[in-house]
Amino acid sequence: MKEKLQRLGQSLMQPVAVMPLAALLLGLGYLIDPDGWGASSPIAAFLISAGGAILDNLGILFAVGVAFGIAKENHGASALAGLVAFLTLSKMLSPATVAQLRSLDLEAWQAADPFQFSAFSKIGNGNVLIGILSGILGGKAYDRFHETRLPDFLAFFSGRRLVPIIASVYALICSLILMFLWPVIYSALASFGEFLLGLGAAGAGIYGFANRLLIPTGLHHALNQVFWFDLVGVNDIPNFLNNAQDTITATYHPGMYQAGFFPIMMFGLPGAALAMAQRADEKNKKTIKALMIAGALASFLTGVTEPLEFAFMFAAPQLYFVHAVLTGISVFLAAKLQAFAGFGFSAGLIDFFLSSQNPMRNNMLILIIMGLVFFAIYYLIFRSLIDAWDIATPGRTPKSQKTNDSRVIETEDQGRVSTADKSEAEERREQQATVSGSYADTAREILEGLGGPENVDTSSYCTTRLRLTVNDPAKVDEEKIKAAGVAGLIKPGPKAVQVIIGPQVQAVHDEFVKLLGK
């Protein structure tokens, strides 16, 4: 399960890498025209539309990216299958389709049961949960059916052409289940939100915790409807933006359910990004540093946190849980200390500045002080827990795996060395390794050492290694693989084999895939 979650986390990196630019474009457009959102400025309209093209369609991006990433072979047919699954789910669960299937008049249904109507209206191009689910369906459809052969009269639809068709069937079955399950989940979250309303600052803190915890599922939208908008009469965002003085009570002030997010998004998550960048393996630091800087800037300036959160929520779920707890504490403290602020887009610097001009603001300096404290807390906690729990954050290989790997690595310049020395030797070896023969010859010898094509279950590669799983570990001939001139061999699991190639790993993998006939 851990391996599958890590593979899912890796597959999310491609859509995540696109988000910072979109966030910055939206933030700049909103800064230029904070009231009209482009209605008063063509430049703002241009920037907002460009950013929205990505952030408004995150569901599609995740469907394609996840399907491509989790399939055993990173083939375009799997990405197409993920897209087909997403389009099928989105259409089948749209309010219009649901009303038609239930023989309901759409307008009458919306008037009679606006809450359930709202639940289905949240399933669209921007729904990340549906995107991830679709990607999983597409990837699994590819793994199971990409080599299927149909009878001659259906031969055109064999193999990879069959994969999107099967993905659509999977999505149809899934949509029938969600048609009944989705409103129940949505309703339960809204009921939970209504219960929190009577708890004051404590309820705000629990809301902040639940809000972050639900981000991976996309169901945080249901909870947000209770507190931020007019689902049950709270309407926190419009109340703050519209200076609704008449809504202030002994237990409520506009901005109460928003202010605590500013210290987290502007300071806390950038602190976590710094910790993860520093704990990345030396060979990956340059790449991870660029990713973390982009995510931190997006979070600080615009309050768009997905680039950072999706970078570790699946790879390191324990850290994400800590992040949710800290968010709850921040929202609770802001409400308790009567520090109130709001946002029209999200809790970044741009909205913080705009909030400072709003008459409903209160004690905003407290939020800055809280932010500096949370930056230090996030940095120290994330850095400490990454080491203490040996967590595989982006770009970091756990020490337990390195230690295990080091026991089976032999270096050319020395014989058997101590465990600690081997780990360091491995780092040097992987960065400096070269393939002596042709890529095709090296790939052929590796494949023979693995027991032939029929013994290879999955194949992929990272920066320096071929990452493989085999059907029968007994057929793996380590000496034959080492004779191919590779830098080392690692067995991190019962059926897992990693062959250290060096910087030429992609070229060797390309030849390896040709030999597999896939």
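# Notebook: loops, helices and side-chain contacts

Ser103 sits in the loop between helix H6 (95-101) and helix H7 (106-112). I note at the outset that this is a predicted model. I looked up the backbone of Ser103 and found a positive phi of about 55°, although the residue is not a glycine. Most residues other than glycine have a negative phi, so I wrote this down. I then checked exposure: Ser103 counts as exposed because its relative accessibility is 67%.

Entry: I placed Asn363 in the loop between helix H18 (349-355) and H19. Its relative accessible area is 36%, so Asn363 is partly exposed.

**Entry: helix H10.** I tested the length of helix H10, which has 35 residues (residues 162-196). At 1.5 Å a residue the helix should span 51 Å, and the end C-alpha atoms are 48 Å apart, which agrees. I also looked for a bend. Where does H10 bend? The place is Leu178, and the angle is about 40°.

**Entry: annotated spans.** The UniProt record, an unreviewed entry, lists several stretches as "transmembrane region", among them residues 162-182, 188-210 and 364-382. I checked two of these against the model. Residues 188-210 are 87% helix and 0% strand, with end C-alpha atoms 13 Å apart. Residues 364-382 are 100% helix and 0% strand, and their end C-alpha atoms lie 26 Å apart.

**Entry: salt bridges.** How many salt bridges does the model have? I get a count of seven.

- Arg279 and Asp387 meet through their side chains in a salt bridge, at 3.0 Å from N to O. Arg279 belongs to helix H14 (residues 261-279) and Asp387 to helix H19 (residues 364-388), so this pair ties together parts that are 108 residues apart in sequence. Asp387 counts as partly exposed because its relative accessibility is 30%.
- Asp390 and Arg396 form a salt bridge through their side chains, at 3.3 Å from N to O. Are these two residues buried or exposed? Both Asp390 and Arg396 are buried.
- Lys514 forms a salt bridge with Glu511, with the closest N and O atoms 3.5 Å apart. Lys514 and Glu511 are three residues apart in helix H24 (residues 505-516), so about one helical turn separates them. An α-helix has 3.6 residues a turn, so residues three or four places apart point the same way. Lys514 counts as exposed at 60% relative accessibility, while Glu511 counts as partly exposed at 23%.

**Entry: aromatic pairs.** My count of aromatic pairs comes to 19. Tyr207 and Trp228 form one that is edge-to-face, with 6.3 Å centre to centre and 80° between the planes. Tyr207 lies in helix H11 (residues 200-213) and Trp228 in helix H12 (residues 220-228), so the pair ties together parts that are 21 residues apart in sequence. Tyr207 and Trp228 are buried.

I looked next at Phe227 and Tyr257. Their aromatic pair is tilted, at 4.7 Å centre to centre and 45° between the planes. Phe227 is in helix H12 and Tyr257 in the loop between helix H13 (236-241) and H14, so the pair ties together parts that are 30 residues apart in sequence. Phe227 counts as buried at 0% relative accessibility, and Tyr257 counts as buried at 3%.

Which residues do ring pairs link into a cluster? I listed Tyr207, Phe227, Trp228, Tyr252, Tyr257, Phe261, Phe262, Phe343 and Phe352.

**Entry: Thr302.** I found Thr302 in helix H15 (residues 285-302). With 2% relative accessibility, Thr302 counts as buried. I then listed polar contacts of the Thr302 side chain. The side chain reaches the backbone oxygen of Ala298 at 2.6 Å. A polar atom of the Thr302 side chain also lies 3.3 Å from the backbone nitrogen of Val304.

**Entry: Ile500.** Ile500 is in strand E4 (residues 496-500). Its relative accessible area is 1%, so Ile500 is buried. I also took a C-alpha distance here: Ile500 and Gly488 are 12 residues apart along the chain, and their C-alpha atoms are separated by 5.1 Å.

Key. Residues are numbered from 1 along each chain as its sequence is written. This is a predicted model: local features need pLDDT of at least 70, side-chain atom pairs count only at pLDDT 80 or more; totals for chains, interfaces and linings use all residues. Side-chain values use heavy atoms; hydrogens and water are left out. Helices (H or I, at least four residues) and strands (E, at least two) are DSSP runs, numbered from the N terminus. The expected span of a helix is 1.5 Å times one less than its number of residues. The bend at a residue is the angle between axes fitted to the seven residues ending there and the seven starting there. A salt bridge is a side-chain nitrogen of Lys or Arg within 4 Å of a carboxyl oxygen of Asp or Glu. Buried means under 20% relative accessible area, exposed over 50%, partly exposed in between (1.4 Å probe, protein chains only). A polar contact is a pair of N or O atoms within 3.5 Å; within protein, one must be able to donate a hydrogen and the other to accept it, and residues adjacent in sequence count only if both atoms are side-chain atoms. UniProt positions are given in the numbering used here, feature names are shortened, and annotations may be inferred rather than shown by experiment. Rings of Phe, Tyr and Trp (its six-membered ring) pair if their centres lie within 6.5 Å; planes under 30 degrees apart count as stacked, over 60 as edge-to-face and the rest as tilted.
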